[in-house]
Amino acid sequence: MDFDADGCADVVVAAPNTGVLNSGDFKSTVYLYSGRTGGLLWSREFNLGNCQLSSMKIKSFQDLDGDGIPDVLVGMGMSGRVFACSGRDGSVLWTAAGPTGSSGFGAALSVTPDVDRDGVSDILVGAPFPVWSGTSWTPGKVCLCSGRNGTVLQSWDGENGYDYFGWAVSHAGKRGFLVGSHTHDSKGRVYLLSLPRMFSVGPAVEATVVKE
């Protein structure tokens with residue numbers, strides 16, 4: 001997307017580990033470079049505490065703050081957070097956090113149509129990492145989040161712990177959402193989730209296996 005309105009698409013770069021802050025916490029940085037000149041337009045540092053990232057997910061997004069510039073989604077699965085950042089200067093517009101910091105919330109991101117009909121596209125977020133519940137390992141999770149403020153609108157759980165349900169996510173047009181579970185039954189599995197009936201009571205979708 002063109003963030004500086006010069007008629008040329010620009011480049012967003014994620015750097016998962018860019019050093020240590022004065023506090024001793026680890027940091028990650030997102031950079032926006034001009035596609036025309038290669039010059040740095042802005043950078044934004046994120047405090048990760050004692051968490052070191054191995055990867056980040058970046059998606060361009062529609063204009064959330066009404067300044068006429070597209071904004072940016074940043075997924076940090078190892079810290080369990082998703083950030084919406086201003087495309088103008090990188091400032092954080094909202095933050096969404098997963099059920100636990102170790103769930104991998106943000107390890108996969110996909111922009112979806114406007115499911116809750118508030119005029120803003122929504123976001124499918126994968127949280128594929130197993131979490132110890134005290135008695136067993138929980139399965140991965142996928143969350144449909146509001147693009148306006150990051151609120152979880154609906155979520156789906158995988159079948160088994162260590163299936164890594166939510167490792168990859170994508171919308172599939174009018175058919176719904178695709179979710180990858182890359183270690184299911186040692187072979188991997190892809191699910192097709194039908195579009196949810198928003199604000200219904202009880203389970204709103206059925207999952208169909210489309211590939212193993």
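A nonpolar surface patch is made of residues with over 30% relative accessible area and no salt bridge, their nonpolar side chains joined within 5 Å. In this predicted model, Trp132, Trp137 and Tyr162 form such a patch. Together they have about 350 Å² of accessible area. Tyr162 sits in the loop between β11 (152-161) and β12 (165-171). Its relative accessible area is 41%. Tyr162 is therefore partly exposed, as that value falls between 20% and 50%.

The protein as a whole is built from strands. It has 15 of them and zero helices. Of its 212 residues, 42% count as buried. The exposed surface comes to about 10,200 Å². Carbon and sulfur atoms supply 50% of that surface. Contacts were also sorted by sequence separation. Among those between residues at least 6 apart, 40% join residues at least 24 apart.

Strand β10 covers residues 139-145. Six of its seven residues are buried, so β10 is largely enclosed by the rest of the structure. Two strands pair with β10. Strand β9 (residues 122-127) runs antiparallel to β10 and is joined to it by five bridges. Strand β11 also pairs with β10 in the antiparallel sense, over six bridges. Lys141 of β10 takes part in both pairings: Ala127 stands opposite Lys141, and in β11 the bridge partner of Lys141 is Asp157. β10 and β11 form a hairpin, with six residues between the two strands. Gly150 lies in the turn of this hairpin and has a positive phi of about 85°.

Salt bridges number six in the model. Three of them are described here, beginning with the pair Glu45 and Lys27. The closest N and O atoms of Glu45 and Lys27 are 2.8 Å apart. Glu45 belongs to strand β3 (residues 40-49) and Lys27 to strand β2 (residues 26-33), so this pair ties together parts that are 18 residues apart in sequence. Glu45 is partly exposed, with a relative accessible area of 44%. Lys27 has a relative accessibility of 15%, and it counts as buried because the cut-off is under 20%.

A second salt bridge links Asp67 and Arg88. Here the closest N and O atoms are 3.3 Å apart. Both residues lie in loops: Asp67 in that between β4 (57-61) and β5 (71-76), Arg88 in that between β6 (81-85) and β7 (92-97). The pair therefore ties together parts that are 21 residues apart in sequence. Asp67 counts as partly exposed at 22% relative accessibility. Arg88 is partly exposed too, with a relative accessible area of 49%.

Arg148 pairs with Asp118, and their closest N and O atoms are 3.2 Å apart. Arg148 lies in the loop between β10 and β11, while Asp118 lies in the loop between β8 (108-112) and β9. This pair thus ties together parts that are 30 residues apart in sequence. Arg148 is partly exposed, with a relative accessible area of 43%. Asp118 is also partly exposed, at 25%.

Methods. Residues numbered from 1 in each chain as written. Predicted model: local features only at pLDDT ≥ 70, side-chain atom pairs only at ≥ 80, totals over all residues. Heavy atoms only, no water. Helix = DSSP H or I, 4+ residues; strand = E, 2+ residues; numbered from the N terminus. Buried < 20%, exposed > 50% of the residue type's maximum accessible area, 1.4 Å probe, protein only. Contact = heavy atoms within 4.5 Å. Areas by Shrake-Rupley, 256 points an atom, 1.4 Å probe, with all protein chains shown as cover. Patch = residues over 30% accessible without salt bridge, like charges linked within 9 Å, V, L, I, M, F, W, Y side chains within 5 Å. Salt bridge = Lys/Arg side-chain N within 4 Å of Asp/Glu carboxyl O. Pairing = 2+ DSSP bridges.
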